Amino acid sequence: MAESFMQTQKRHASTAWRDLFQRPMGNLLTLMVLAVALSLPATFYLLAKNVVAVSAQWHSPAELNVFLTPEQSSQQGEALAKQLGDWAAIDSIEYISPDQGMASLKQQRGFNQAVSLLDNNPLPAVLVVVPDVTRADGEDAISLTARVEALSDKLSVLAEVDEVRLDTDWLARLDAIKTLAITLAWLFSGLMLAAVVLLVGNTLRLQVLHHRARIQVMKMVGATDRFILRPYLYMGAWLGGLAAIVAWLLTGLNTWLMDGAVRQFAQLYDSPFTLSGLNWDESLLLLMGSILLGVLAALLATRRHLKEIEPV
């Protein structure tokens with residue numbers, strides 16, 4: 001009774017699985033090298049993904065510091081704050097007098113002794129303006145930043161205002177870090193995936209040479225190269241799939257180890273940010289991509305060697 005297509009594929013897959021355990025130590029080492037090679041681009045991808053997430057959260061300035069001219073009294077400053085508070089582009093505004101600014105400066109570590117040496121208070125009155133960053137329908141982060149910059153320009157032309165400080169330099173640096181992280185992720189992903197293809201291909205090439213006598217006998221009884229190739233394709237798929245599972249565990253371990261440091265760093269900026277790992281879609285993509293690379297490497301490495309082996 002002839003085998004069905006599925007029974008044939010199942011038999012080839014089982015044969016490839018058993019062949020993995022003929023050289024358990026060698027294949028285990030190969031598997032671990034593949035897993036490390038896959039976990040590196042996955043970890044870089046996670047870093048790039050989290051940097052992009054941070055950039056998306058902090059793409060707009062949180063507040064503007066509006067420094068008033070020295071001629072403005074406390075009453076005038078408070079009146080201006082009340083007037084500006086009615087602007088639609090402003091979410092909230094707080095007036096900080098020079099005395100309040102000096103008291104706040106004294107509370108900061110290392111400044112108390114230096115401030116005590118001053119004969120008078122040189123600090124200006126400041127309005128801390130929190131812009132309305134509610135996004136309109138279809139508005140992106142760049143448009144939102146432009147809206148905040150327009151508010152800054154509008155405030156800076158007021159006669160009572162000496163300077164408006166809109167610190168966007170750190171946003172530019174954050175964008176540069178994001179671009180660098182994405183570039184490194186793509187670069188290392190390409191290099192590591194090429195290494196996976198070469199490693200799987202070399203492993204299966206040695207496997208073909210190790211099975212040379214068996215392949216010669218199979219060709220002698222009429223087996224085609226395509227028939228003989230199938231177990232090696234399945235072996236490439238097994239190696240790729242198992243390496244992806246181990247790489248997923250290593251990436252999860254890396255995420256867990258880095259999360260504590262990232263959480264502690266974020267707390268310094270009063271942010272509840274936590275490192276996010278691979279979601280289910282990304283994990284499935286890692287598995288499918290690794291299996292595909294294993295099959296591709298097996299196809300490229302073994303087909304040529306099978307043609308070179310002649311029957312006895």
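**Rings, a pocket and helix packing**

User: Which residues do ring pairs link into a cluster?

Analyst: This is a predicted model, in which local features need pLDDT of at least 70 and side-chain atom pairs count only at pLDDT 80 or more, while totals for chains, interfaces and linings use all residues. Residues are numbered from 1 along each chain as its sequence is written, and side-chain values use heavy atoms, with hydrogens and water left out. Rings of Phe, Tyr and Trp (its six-membered ring) pair if their centres lie within 6.5 Å; planes under 30 degrees apart are stacked, over 60 edge-to-face, and the rest tilted. The cluster linked by such ring pairs consists of Trp17, Phe21 and Trp238.

User: How is the pair of Phe44 and Phe188 classed: stacked, edge-to-face or tilted?

Analyst: The structure holds three aromatic pairs. A pair of aromatic rings is described by the distance of the centres and the angle of the planes. For Phe44 and Phe188 the centres are 4.6 Å apart and the planes 10 degrees apart, and the pair is stacked.

User: How far apart in sequence are the parts tied together by Phe44 and Phe188?

Analyst: Helices (H or I, at least four residues) and strands (E, at least two) are DSSP runs, numbered from the N terminus. Phe44 lies in helix 2 (residues 24-57) and Phe188 in helix 7 (residues 169-210). The pair therefore ties together parts whose separation in sequence is 144 residues.

User: Are Phe44 and Phe188 buried, partly exposed or exposed?

Analyst: Buried means under 20% relative accessible area, exposed over 50%, and partly exposed in between (1.4 Å probe, protein chains only). Phe44 has a relative accessible area of 23%, and Phe188 has 29%. Phe44 is therefore partly exposed, and Phe188 also counts as partly exposed.

User: Which elements give two or more residues to the lining of the second largest pocket?

Analyst: On a 1 Å grid over the protein atoms alone, a cavity is a set of points where a 1.4 Å probe fits but cannot get out, and a pocket is an open set with protein on both sides within 12 Å along at least five of seven lines; lining residues have an atom within 4 Å of a point. About 540 Å³ of space lies in the second largest pocket, with grid points joined across faces, edges and corners and the volume taken as the space filled by probe spheres set on the points. Of the 18 lining residues, Pro41, Tyr45, Ser189, Leu193 and Leu285 are the closest to the centre of this pocket. The elements that give two or more residues to its lining are helix 2, helix 7 and helix 10.

User: How many nonpolar residues are in the lining of the second largest pocket?

Analyst: Ala, Val, Leu, Ile, Met, Phe, Trp, Tyr, Cys and Pro count as nonpolar, Asp, Glu, Lys and Arg as charged, and the others, Gly among them, as polar. Beside three polar and two charged residues, the lining has a nonpolar count of 13.

User: Which residues does Ala243 touch, not counting residues up to four places away in sequence?

Analyst: Ala243 is in helix 9 (residues 225-267) and counts as buried because its relative accessibility is 1%. Contact means heavy atoms within 4.5 Å. With residues up to four places away in sequence not counted, Ala243 touches Leu31, Leu34, Ala35 and Leu38.

User: How far apart in space are Leu299 and Leu233, C-alpha to C-alpha?

Analyst: Leu299 is in helix 10 (residues 280-308) and is partly exposed at 28% relative accessible area. Beyond its neighbours within four places in sequence, Leu299 is in contact with Leu229 and Leu233. Leu299 and Leu233 are 66 residues apart in sequence, and their C-alpha distance is 6.4 Å.

User: What is the relative accessible area of Val129?

Analyst: Val129 is in strand 3 (residues 126-131). Its contacts, leaving aside neighbours within four places in sequence, include Leu64, Val66, Ile90 and Leu151. Val129 is buried, and its relative accessible area is 0%.
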